[in-house]
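Please inspect the sequence and the structure before reading the solutions.

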Amino acid sequence: ADPGVACEVARLRRGIGEAVEITGRTEATVYKWMYPRDRGGTGGFVPSADQQMMLRWSAVKKAGLAADHFFPADIMARQVRRRPRRARVGKETARP
């Protein structure tokens, strides 16, 4: 598995140490973000609770970390295509 997103976020935020400081997680936990799922990791993704902490920290410090950093473009493109269309409610489908 590609450790992609987690590695990129760590690189942007000057390494594991700062991620540990921001999230309050242990160094081992932050490293697990970069391990494949079959090795007990998150498959390269930062857990959502930690994403939120890092984004809040970045907003306060004006550090330049954005939500886009947590989601690779290929995954976002697939999600946009998968979004179900909302059902149209019109006169034909309205209940009496």
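**Exercise 1.** Determine which residues Q51 is in contact with, leaving aside its neighbours within four places in sequence.

Solution. The model is predicted, so local features need pLDDT of at least 70 and side-chain atom pairs count only at pLDDT 80 or more, while totals for chains, interfaces and linings use all residues. Residues are numbered from 1 along each chain as its sequence is written, and side-chain values use heavy atoms, with hydrogens and water left out.

Step 1: contact means heavy atoms within 4.5 Å. Step 2: with neighbours within four places set aside, Q51 is in contact with V46, F70 and F71. Step 3: Q51 belongs to helix 4 (helices are DSSP runs of H or I, at least four residues, numbered from the N terminus).

**Exercise 2.** Classify Q51 and G64 as buried or exposed.

Solution. Step 1: buried means under 20% relative accessible area, exposed over 50%, and partly exposed in between, using a 1.4 Å probe and protein chains only. Step 2: Q51 has a relative accessible area of 12% and is therefore buried. Step 3: G64 is exposed because its relative accessibility is 57%. Step 4: G64 sits in the loop between helix 4 (48-61) and helix 5 (73-82), and it touches S58 and H69, not counting residues up to four places away in sequence.

**Exercise 3.** State how many residues the largest nonpolar core has.

Solution. Step 1: a nonpolar core is a set of buried Ala, Val, Leu, Ile, Met, Phe, Trp, Tyr and Cys residues joined through side-chain atoms within 4.5 Å. Step 2: the largest one has 14 residues, and V9, W33, V46, M54 and F70 have the most contacts inside it. Step 3: helix 1 gives the most to this core, with 4 residues.

Conventions: Helices (H or I, at least four residues) and strands (E, at least two) are DSSP runs, numbered from the N terminus.
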